[in-house]
Amino acid sequence: MALVFGSLLKWFPISGYLNNGIIYLILPMLTLALRPLAIIARLTRSSMLDVLSQDYVRTARAKGIGYWKVILKTCFKKCS
């Protein structure tokens with residue numbers, strides 16, 4: 001990430017620190033946050049695939065409820 005976003009794109013500084021320099025902390029925070037985010041995304045995906053195959057989801061879709069409404073209102077509640 002330092003090579004791409006710091007050296008090549010020059011969006012973030014890759015070294016140093018200034019007083020009140022929050023810009024210097026963004027790249028390390030993003031790097032540390034990506035792994036847990038990936039784990040949560042995989043768990044959510046596997047739970048969602050299980051829930052989407054349930055009978056009540058097929059029934060809701062057959063009644064004419066929209067796809068995204070079923071996912072947002074019903075499936076996410078059952079996944080968590």
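**Helix packing in the predicted model**

Helices here are DSSP runs of H or I with at least four residues, numbered from the N terminus. The structure is a predicted model, in which local features need pLDDT of at least 70, side-chain atom pairs count only at pLDDT 80 or more, and totals for chains, interfaces and linings use all residues. Residues are numbered from 1 along each chain as its sequence is written, and side-chain values use heavy atoms, with hydrogens and water left out.

Helix 3 and helix 4 pack at an angle of about 155°, and their axes lie 10 Å apart; axes are lines fitted to C-alpha atoms over the stretch in contact, and angles run from 0 to 180 degrees between N-to-C directions. Helix 3 is therefore roughly antiparallel to helix 4 (an angle over 145 degrees). Across this pair, Tyr-56, Val-57, Ala-60 and Arg-61 of helix 3 meet Tyr-67, Val-70, Thr-74, Cys-75 and Lys-78 of helix 4.

Helix 2 covers residues 23-52; at 1.5 Å a residue, its 30 residues should span 44 Å, and the distance of 41 Å between its end C-alpha atoms agrees. A bend of about 30° occurs in helix 2 at Leu-34, with Pro-36 following within four residues; the bend is the angle between axes fitted to the seven residues ending there and the seven starting there. Leu-27, Met-48 and Val-51 are the buried residues of helix 2, and their cover includes helix 1 (2-8), helix 3 (55-62) and helix 4 (67-79).

Methods
Helices (H or I, at least four residues) and strands (E, at least two) are DSSP runs, numbered from the N terminus. The expected span of a helix is 1.5 Å times one less than its number of residues. Buried means under 20% relative accessible area, exposed over 50%, partly exposed in between (1.4 Å probe, protein chains only). Contact means heavy atoms within 4.5 Å. Angles under 35 degrees count as roughly parallel, over 145 as roughly antiparallel, 65 to 115 as roughly perpendicular and the rest as oblique.
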